[in-house]
Each structure stands twice: as C-alpha cells, then as structure tokens.
Amino acid sequence: MLLHIPNVLTQDQVAYCRERLASASWADGRITAGYQSGKAKDNEQLPENDPVAIELGALIRNALKTNDNYFSAALPRVVYPPLFNRYRGGQAFGFHVDNAIRYDRSGQLVQPVRTDLSVTLFLAAPEDYDGGELIIEDTYGVQKIKLPAGDMVLYPGTSLHRVTPVTRGERLASFFWIQSMVRDDGDRRLLFELDLSIRRLTQSTPDHPSLVQLTGVYHNLLRRWAEV
Ligand code: NI
C-alpha cells in the first residue's frame with residue numbers, strides 16, 4: 001500500500017528544517033548505500049551522526065507521534081532515525097530496492113531495523129525544482145510522486161523505486177524506514193482499512209451497537225498478526 005500523508009510538518013517547521021539544512025555539512029550520498037544501490041546513487045546526504053540530522057530527525061518523529069493515519073497505516077515497531085538528502089545539478093538515484101535490514105550508525109538505535117516500510121518526507125516546495133520525482137513501481141503500476149513540502153509518502157520497502165534527475169533548483173527530503181508490528185503489507189492494509197472505517201463510523205454514528213464488536217475484531221486481528 002502506498003499512502004500520501006499530508007501536513008506531517010507545519011510550514012514553520014518546514015522553513016526551520018530548510019534553514020538548518022542550508023548550512024549543514026552535506027556528504028556524498030553513497031555513505032549509506034549498499035553495493036548495488038551505490039552504483040545508482042548520485043546525491044548528497046547528511047552523515048547519520050550529524051547533529052543537524054539528529055535534531056531534525058527528532059522533530060519529525062515528534063510530529064509523527066500525533067498523526068493517526070501514520071500510526072494506523074504503519075503500526076510502527078521500530079523507526080529508523082530519519083536521514084536527509086539533497087539532489088541538484090542533474091543528480092538522480094536509479095532504480096533500486098532498499099536494503100532489507102539497516103543498522104543505525106548514529107548511536108540512537110541498538111537493534112537493527114527490518115525495512116517493512118519506506119518513507120519520504122518532502123521538504124522543498126515542488127515549484128522550486130524540476131524533476132526529482134520519486135518513481136515507485138508497485139503492483140498497481142508505476143507511481144510518480146512529488147508532494148508539497150511537509151507531506152510524506154509511505155510505501156512498501158519491497159518496492160523498486162528511483163528518483164528522477166533534478167534539472168533545476170534543489171530537492172530536499174528526509175527519508176527513513178519503519179519496522180512494522182505487522183510484517184505483511186496485505187495484513188497491514190486490511191487493518192488500516194478496518195481502522196479507517198471504524199473511525200468514520202465513530203464520527204457519523206457514535207452509538208452504533210456494532211462499533212464495539214468491530215473494534216474488537218480490529219484488536220483481535222492485531223493480536224493475531226502483531227509482533228511486539
Ligand atoms: Ni531507496
């Protein structure tokens with residue numbers, strides 16, 4: 001499942017991130033690439049233990065704490081500390097699949113993360129750069145993603161994806177991975193849809209007698225499928 005989550009950051013938070021990132025110590029993006037993706041990758045990235053990356057990563061994770069759609073869709077168990085990248089002057093990232101297991105080198109996480117879900121949080125306004133679309137090949141076909149600053153896309157870590165060349169301006173983004181309590185994308189999707197319908201019913205018909213039963217079904221499925 002691919003999900004667009006709008007307004008994860010406020011415009012003030014986006015402006016703050018951009019200001020901090022403008023004077024940050026960018027490095028070659030191949031520092032975190034695997035052998036194969038290293039050949040396809042041409043961008044800049046903040047080192048994992050860079051203080052700006054750690055500070056802004058905490059800001060993003062904090063913002064996500066109150067985002068119901070994110071929690072419901074991802075059912076996060078372990079979140080990789082957010083990383084930051086920048087593309088400009090024709091830089092791009094060719095087709096690749098992200099490494100299945102990631103080891104955090106910033107010292108914030110002790111355990112490895114299985115990358116069930118990938119996240120891109122856009123930090124540059126789409127009108128400020130040309131190109132830089134995130135292309136995701138999913139079972140429904142090819143998805144082209146370029147979102148407003150502050151919005152994010154959540155997509156299965158199993159997807160083949162790439163970033164098209166940035167031919168004007170610069171594309172700034174945060175990206176990270178999530179190990180979900182529910183490993184299977186299809187199971188996670190069912191839970192998300194069930195939760196969404198329960199939330200809608202709670203809004204429209206709060207006294208409906210089946211709500212308690214439906215909520216029970218949700219939790220019993222979660223109990224069956226979740227690893228915590
Ligand atoms: Ni990737």
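Q: How many bridges join strand E10 to E17, and which way do they run?
A: Strand E10 (residues 117-122) is joined to E17 by 6 bridges, and the two run antiparallel. Val119 stands opposite Phe176 in E17. Strands here are DSSP runs of E with at least two residues, and helices are runs of H or I with at least four, each numbered from the N terminus. Two strands are said to pair if DSSP finds at least two bridges between them.

Q: Before I go on, what sort of model is this, and how are residues numbered?
A: This is a predicted model, in which local features need pLDDT of at least 70 and side-chain atom pairs count only at pLDDT 80 or more, whereas totals for chains, interfaces and linings use all residues. Residues are numbered from 1 along each chain as its sequence is written, and side-chain values use heavy atoms, with hydrogens and water left out.

Q: Back to E17: is strand E17 enclosed or open to solvent?
A: Strand E17 (residues 170-180) has 10 of its 11 residues buried, so E17 is largely enclosed by the rest of the structure. Buried means under 20% relative accessible area, exposed means over 50%, and partly exposed lies in between, with a 1.4 Å probe and protein chains only.

Q: In what sense do E5 and E6 pair with E17?
A: Strand E5 (residues 76-79) pairs with E17 in the antiparallel sense over 3 bridges, and Val79 stands opposite Ile178 in E17. E6 also pairs with E17 in the antiparallel sense, over 6 bridges, with Asn85 opposite Ala173.

Q: And what holds paired strands together in general?
A: Strands of a sheet pair through backbone hydrogen bonds, either parallel or antiparallel.

Q: Which strands make up the open sheet, and in what order?
A: The open sheet has 5 strands in the order E3-E7-E15-E12-E13, with antiparallel pairing. Its edge strands are E3 (41-42) and E13 (141-145), each of which pairs on one side only.

Q: Where is Gln91, and what is it in contact with?
A: Gln91 sits in the loop between strand E6 (83-88) and strand E7 (92-96), and its relative accessibility of 13% means that Gln91 counts as buried. Leaving aside neighbours within four places in sequence, Gln91 is in contact (heavy atoms within 4.5 Å) with Asp42, Asn43, Glu44, Arg86, Thr164, Pro165 and Val166.

Q: Changing topic, which loops hold Asn7 and Leu75, and what phi do they have?
A: Asn7, in the loop between strand E1 (3-5) and helix H1 (11-22), has a phi near 50°, and Leu75, in the loop between helix H4 (68-74) and E5, has a phi near 40°. Most residues other than glycine have a negative phi.

Q: Buried or exposed, those two?
A: Asn7 is exposed, with a relative accessible area of 59%, whereas Leu75 is buried at 1%.

Q: What does Val228 touch?
A: Val228, in the segment after helix H6 (210-225), touches Arg77 and Met181, not counting residues up to four places away in sequence. Val228 is exposed, with a relative accessible area of 78%, and its C-alpha atom is separated by 9.7 Å from that of Val78, 150 residues apart along the chain.

Q: Last one: how many helices and strands are there, and how compact is the protein?
A: The secondary structure comes to 6 helices and 17 strands. The radius of gyration, taken over C-alpha atoms, is 18 Å, close to the 17 Å that the globule rule gives for 228 residues, so the protein is as compact as a globular protein of that length. That rule is 2.2 Å times the number of residues to the power 0.38. Buried residues make up 50% of the 228 residues.
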